[in-house]
Amino acid sequence: MRQASAPPALTTLILITATSVVTLNMIVPSLTNIARDLDADYALVSLALGGYLAVTAAVQLGVGPLADRIGRRPVLLVALAVFTLASLGCAMVQNVWMLLAFRVLQAAVVSGYVLSLAIVRDTNEGSDAARLLGRISMAMALAPMLGPMLGSVLDAAFGWRMIFVLYAVAGAGLLYLAWTDVGETIRPSAKPDERRLSTLLGKPVFWSYALCTAFSTGAFYIFLAGAPLIATAVFGIGTAELGMFVGSITAGFIAGAWLAGRLAGRYSPATIMLMGRIFACLGLAAGLVLVAMGHLSPLLYFGSTIFVGLGNGMTMPNSNAGAMSVQPRLAGSAAGIIGALTVLGGALMTTGTGLALSGQPSPMLLLWLMLLASFMGLLAAVAAIRLSKPVPSGQPA
């Protein structure tokens, strides 16, 4: 096992994380062309998106404990190798079933996201870990925006197979980068009790941090599911402007992550996490008051939802760092559980929002749903802070 002589470059971890995120949606503009070229039903081809997302949740649940047991480096290298070969397979398929099979294998790349978080926690403590996780979170916010744009350009210029060729090239480059820059960051001298997953799962403080992340991200998923409908049906916003209004929440997230980095060191990670939850709830509450008073305009409405992005950018690096600090030897397992919980929770909230708004699109209802998720995140943050306080001597734990 090659132990790390120094932490990997932050750029390496950011590139690995961004690739694991962008692989989900870069093919979205090409789904119609893929269905036509492979003579397949569109609904079946769309499993390359929805089914892929479900598989990533399972991968995250499995890769975290595996990395805690055998190390970050070997798991990361194997995952990137599988992703590279699977991407080549996707580029050469002649039928939809082979595409879906290789697409499932491509999900191995999500290991890069889980392991990047764990590596940061392995090599940093407290505010330093939260600050670096905030920078990685910025990449996570930008990648989903850039992915479809790049995918549409590649499809128009070279065809949809070039997207998977790009995946393969990126995978090979990341494999080389990880081989040369990422050493092993966990020490094999841990006591057996420190590596028991059941110990982590039995700690309420871990679940409080994890649920804080999941509910905070859930408000974002609710926005993504409902905002385009509200923008077009209620405000009459056209396609050209839609991206700007829907993308505003991502801009808020980037600003929040930047602000969290600036505040790190001055305030504790728990305080910044709580501030993020309060900002999100207050912004949405202000939006509800404005709508109730009859002030319904795109700028005011989407201005209030920006606070969800701002709050999430402040909260998530710190809640993730807190969850991985509960049992530091199981940081990989913690990151994997958080990732899977976030994906599954997001799928449920997205579906629920679609059903709730399917009849009469209601601007107030969308804000209420976002506020409910944000408030649940606030309650989880408060619980995490209370449970993290040391028990005074002489009192039962």
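Arg-121 pairs up with Glu-125 in a salt bridge, with 3.3 Å between the closest N and O atoms. A salt bridge here is a side-chain nitrogen of Lys or Arg within 4 Å of a carboxyl oxygen of Asp or Glu. The model is a predicted one, where local features need pLDDT of at least 70 and side-chain atom pairs count only at pLDDT 80 or more, while totals for chains, interfaces and linings use all residues. Residues are numbered from 1 along each chain as its sequence is written, and side-chain values use heavy atoms, leaving out hydrogens and water.

By the salt-bridge rule, the count comes to 5. Another of them joins Arg-72 to Asp-68, whose closest N and O atoms are 2.6 Å apart. Here Arg-72 is buried, at 0% relative accessibility, and Asp-68 is buried too, at 2%.

An α-helix has 3.6 residues a turn, so residues three or four places apart point the same way. Arg-131 is partly exposed at 26% relative accessibility, and Asp-128 is partly exposed at 40%. Helices in this numbering are DSSP runs of H or I with at least four residues, and strands are runs of E with at least two, counted from the N terminus.

Helix 13 (residues 248-263) is next. Its 16 residues reach 22 Å from the first C-alpha to the last, close to the 22 Å expected at 1.5 Å a residue; the expected span is 1.5 Å times one less than the number of residues. Buried residues in helix 13 include Ile-249, Phe-253, Ala-257 and Leu-263. Just after helix 13, Gly-265 takes a positive phi of about 100°.

A positive phi also turns up at Asp-39, a residue other than glycine, with a value near 55°. Asp-39 lies in the loop between helix 2 (31-37) and helix 3 (42-45), and it is exposed, with a relative accessible area of 72%.

Methods: Buried means under 20% relative accessible area, exposed over 50%, partly exposed in between (1.4 Å probe, protein chains only).
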